[in-house]
Amino acid sequence: MRRVLIASDQALLVEEDDLEGAMRLHAALVAAPPTGVVELVPAARTVLVRFDPTLVDEASLAKELGRVEAVHGGLPTAGSVTIGVRYDGQDLDEVAELLGVSAEQVVARHTAANWRVAFTGYAPGFGYLVGDDPLFDVPRRSSPRTRIPAGSVGLAGTFSGVYPRESPGGWQLIGRTDAPMWDLHREPPALLAPGMTVRFERLERESVSVAAPAVPADAAEHPFAVEVVRSGLQLVLEDLGRPGHAALGVSASGTADRRALRAANRAVGNAPGAAGFELAGGGAVLRFTGPAVVAVAGAPAETTIVRTDGPPLPVEHGVAAAIEDGEELRLGAVSAGLRAVVAVRGGLDLAPALGSLSSDTLAGLGPGDLGGRPLRAGDVVPLRGPAAAPHAVDPCPAPADPLPAPGDTVELRIALGPREDWFTPAGVRTLVEQEWTVTPRSDRVGVRLEGAVPLERSVTGELPSEGAVTGAIQVPPDGQPVLFLPDHPLTGGYPIIGAVIDRDLDLAGQLPPGVRIRFRPVAPTVPIVPIGSTSETRGD
């Protein structure tokens, strides 16, 4: 039975009976996407469908998704690749014991199997591979590792995969490869894509490749630039993100407060989505080479321009201010909210990554040579210069939204779903009736919440990986929710009980530790219910 479920006010989750059904549905949607669909995220049994509500309403789209006839016969292919592996993984012997065979047999059958990329997620270039050998059904580790080296080859459930970069994870490691799974200088950057066939080949000795060292841009070549003197708690470069790359395992990322970025850009005459500096907590100092025009929006902080030949000049929040060569922009601690945004007239002069200058801190994806990492003291960011701005400076600042301070209570509107049925009725009531406190363990990946009563589940065990949206409220086994922000993983295996609606996402990105949250459910346009049957909708 195909089910169409609410994933947010701008996304639906289509659930099939199994992986095969999800792959066939995804192939059909890629071949003929319904009106208004902007992105598809395939997963183990589901396809997440993000849509533009100005082009289609959720009820009409849900009906159309229920009628889509999945692809018949053989699934579309996307080429093939052979990956050389040295089978020396630290979990190889344990995997052999779990499967009731020898370690040598695990290797022999892993290399003999035909593998196919079912979907991508978790990190850019991470492919979930399914094989034709029924032997491989391995539980994840009971305690995930905090550090798995790039190139590690692992098993989890019925999937095999290769970690593209160093990251935490709970897969059972059986080997390693030096094949570059993700390379922005390659087209496409991901070695693996949905539909691709994969063969693993045993290597007796590890091959060695020497990469040419990255050559950073010479700041002296730029007449306009910003040097980071002090970075504060976290200073990153952000625009409105890079949607549309789910097939590569890449989430949209982007600024946590879109309204603030647009306001700062409007003040200095930039296009609304031009990249700027996003600063969490305040406390940064930026030194300018060449004259510039700047504006600060978002979380209010005492901001001054430290001049070379006079007393500091205060900078009014949301108002454009001129800054001269050698002068510094200093931002104090924020007094409310969490993130201040600094726009510079003309924008940043950096090479985009997949069409965006956003820094994705989880995926390690960002502009130039930064690789998504936060800026630190000594970093130099080239600027295009004031003449590159397409519009005049706006003399009328946009009104600033009031932002919460620690101890305040805010209300966030949510759409329940898609997995509220994994929780008891009491658990769902707890979500919406209890206050939740933002903890200091929050970042651009997610806001970690704490409540007196954890959310009680009615379904135990692991949820097959499925797509998640910014604003999703994911619930780990401890029952304390995590509210996903822009750098969240593309897919996840913990149930999502609801999602903050799009209009409240900017507020969610401005929640400092100590703020209390109340969630208020808003009803979808119409109830979304199971549609059709497996035989009717899939044509099997």
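Where is H488 found? H488 sits in the loop between β30 (482–484) and β31 (491–492), where helices (H or I, at least four residues) and strands (E, at least two) are DSSP runs numbered from the N terminus. Before I continue, a word on the basis: this is a predicted model, in which local features need pLDDT of at least 70 and side-chain atom pairs count only at pLDDT 80 or more, while totals for chains, interfaces and linings use all residues. Residues are numbered from 1 along each chain as its sequence is written, and side-chain values use heavy atoms, with hydrogens and water left out.

To return to H488: its relative accessibility is 4%, so H488 counts as buried; the term means under 20% relative accessible area, with exposed over 50% and partly exposed in between (1.4 Å probe, protein chains only). Apart from neighbours within four places in sequence, H488 is in contact (heavy atoms within 4.5 Å) with S251, L362, R444, V445, A468, V469 and T470.

Let me turn to the chain as a whole. It contains 8 helices and 33 strands. Its radius of gyration is 24 Å, close to the 24 Å that the globule rule gives for 540 residues, so the chain is as compact as a globular protein of that length; the radius is taken over C-alpha atoms, and the rule is 2.2 Å times the number of residues to the power 0.38. Along the principal axes, the C-alpha atoms fill a box of roughly 75 × 55 × 45 Å. Of the 540 residues, 53% count as buried. Among contacts between residues at least 6 apart in sequence, 74% join residues at least 24 apart.

I come next to the aromatic residues. The structure holds 12 aromatic pairs. Rings of Phe, Tyr and Trp (its six-membered ring) pair if their centres lie within 6.5 Å; planes under 30 degrees apart count as stacked, over 60 as edge-to-face and the rest as tilted. In one of these pairs, the rings of F126 and Y163 have centres 5.4 Å apart and planes at 75°, so the pair is edge-to-face. F126 lies in the loop between β6 (115–120) and β7 (127–131), and Y163 in the loop between β10 (159–162) and β11 (167–169), so this pair ties together parts that are 37 residues apart in sequence. F126 counts as buried at 1% relative accessibility, and Y163 counts as buried at 1% as well.

The rings of Y128 and F159 have centres 5.5 Å apart and planes at 85°, so this pair too is edge-to-face. With Y128 in strand β7 and F159 in strand β10, the pair ties together parts that are 31 residues apart in sequence. Both Y128 and F159 are buried. One aromatic cluster is formed by F119, Y122, F126, Y128, F159, Y163 and W171.

Y122 also draws attention through its backbone: it has a positive phi of about 70° although it is not a glycine. Y122 is placed in the loop between β6 and β7 and, at 27% relative accessibility, counts as partly exposed. L354, likewise a residue other than glycine, has a positive phi near 55°. L354 lies in the loop between β23 (339–344) and β24 (380–382), and is partly exposed, with a relative accessible area of 21%.

I close with the cis peptide bonds. One joins E187 and P188, with omega about -5°; P188 lies in the loop between β12 (172–176) and β13 (197–202). Another joins G417 and P418, with omega about 5°; P418 is in the loop between β25 (409–416) and α6 (425–433).
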